[in-house]
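These are my notebook entries on one protein model. I record what I looked up, entry by entry.

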Amino acid sequence: MKEQLMNYLVTTTGALTLEDILLNFVAAAVIAAVIFFSYRISHSGAVYSPRFNVSLVMLTLVTTLVMNVIGNNVALSLGMVGALSIVRFRTPIKDSRDTAYIFWCIAVGICCGVSEYMIAAVGTAVIFGLMLLFGLVKTNDRYLLVVRGDADAIRKSMGLIAEVYGRKAKLRVRNTTAESEECIYEIPETVFMKHKNKGDIVANLYTNAGPTAVNVVCQNEEIGR
């Protein structure tokens, strides 16, 4: 029984021919090009990384190579798992969608490595459509309203901001010194733009509250990461 088990573990069955290996890599390269295109059009601005996009293509091909090496050899597959488990990846991820792309490339590489082209193609088509759809979802910008001045000006400014934005304007930071104060409000984009059409909050503050400085900063996830 032990001998049969050992023979099963060390014996490689269904060895790939040169034509099979080349076909696996060609299929992986074609689908990797689709993934490359999907990542390019679903990311924009500071989130898009050309180097990371190229890495996705290489990850697909490397996974295909690993699967070609493993084949049906159970012992080799266990050894490969043990060898790869010591690798630690510490590359920072700018966008949470990048993780999905990484797993997508690995899955395609596994499918192509075992010659399951239909599964890889159908799965890629479905994921490609979903990535394009969700790639249209944009992050909601936030505006930071920074007001500086003496205590009396800040008190008037806080009352004016509360009157204009209500509870939508959230006081995030309040810095004080013996001579001046600074308040930083966070305002959602929709609320800020809605009231901006009615009147400029900056001019309103200068006219009715008299702060020494008013700054408006647009904050979004692309800059914050």
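**Entry 1: Cys112.** Cys112 is placed in helix α5. I take helices as DSSP runs of H or I with at least four residues and strands as runs of E with at least two, numbered from the N terminus. Leaving aside neighbours within four places in sequence, I list Asn24, Ala27, Ala28, Ile31, Thr64, Tyr117 and Ala120 as the contacts of Cys112, where contact means heavy atoms within 4.5 Å. From Cys112 to Ala28 I read a C-alpha to C-alpha distance of 5.8 Å, at a sequence separation of 84 residues.

**Entry 2: basis.** I note that the model is predicted: local features need pLDDT of at least 70, side-chain atom pairs count only at pLDDT 80 or more, and totals for chains, interfaces and linings use all residues. Residues are numbered from 1 along each chain as its sequence is written, and side-chain values use heavy atoms, with hydrogens and water left out.

**Entry 3: α3 and α5.** I looked up how helix α3 (residues 50-70) meets helix α5 (residues 97-113): their axes come within 7 Å and cross at roughly 30°. The axes are lines fitted to C-alpha atoms, for helices over the stretch in contact, and angles run from 0 to 180 degrees between N-to-C directions. The angle makes α3 roughly parallel to α5 (under 35 degrees; over 145 is roughly antiparallel, 65 to 115 roughly perpendicular, the rest oblique). I record the crossing of α3 and α5 as right-handed, meaning that the near helix is turned clockwise from the far one by less than a right angle. The α3 side of the contact includes Phe52, Leu56, Thr64 and Met67, and the α5 side includes Tyr101, Ile102, Cys105 and Cys112. By class, I find 11 nonpolar, 6 polar and 1 charged residues in the contact of α3 with α5. Here Ala, Val, Leu, Ile, Met, Phe, Trp, Tyr, Cys and Pro count as nonpolar, Asp, Glu, Lys and Arg as charged, and the others, Gly among them, as polar.

**Entry 4: α2 and α3.** I then looked up helix α2 (residues 18-42), which packs with α3 at an angle of about 155°, the axes being 9 Å apart. The two helices α2 and α3 are therefore roughly antiparallel. Their crossing is right-handed. Among the residues that meet, I note Asn24, Ala28 and Phe36 in α2, and Phe52, Leu56, Thr64 and Leu65 in α3. This contact of α2 with α3 has 14 nonpolar, 5 polar and 1 charged residues.

Entry 5: Leu65 belongs to helix α3, and I read 42% relative accessibility, so Leu65 counts as partly exposed. Ser115 lies in the loop between α5 and α6 (117-135). I note a positive phi of about 65° for Ser115, although this residue is not a glycine. At 31% relative accessibility, Ser115 counts as partly exposed.

**Entry 6: whole chain.** I count 10 helices and 4 strands in the protein chain. Of its 225 residues, 31% are buried.

Terms used. Buried < 20%, exposed > 50% of the residue type's maximum accessible area, 1.4 Å probe, protein only.
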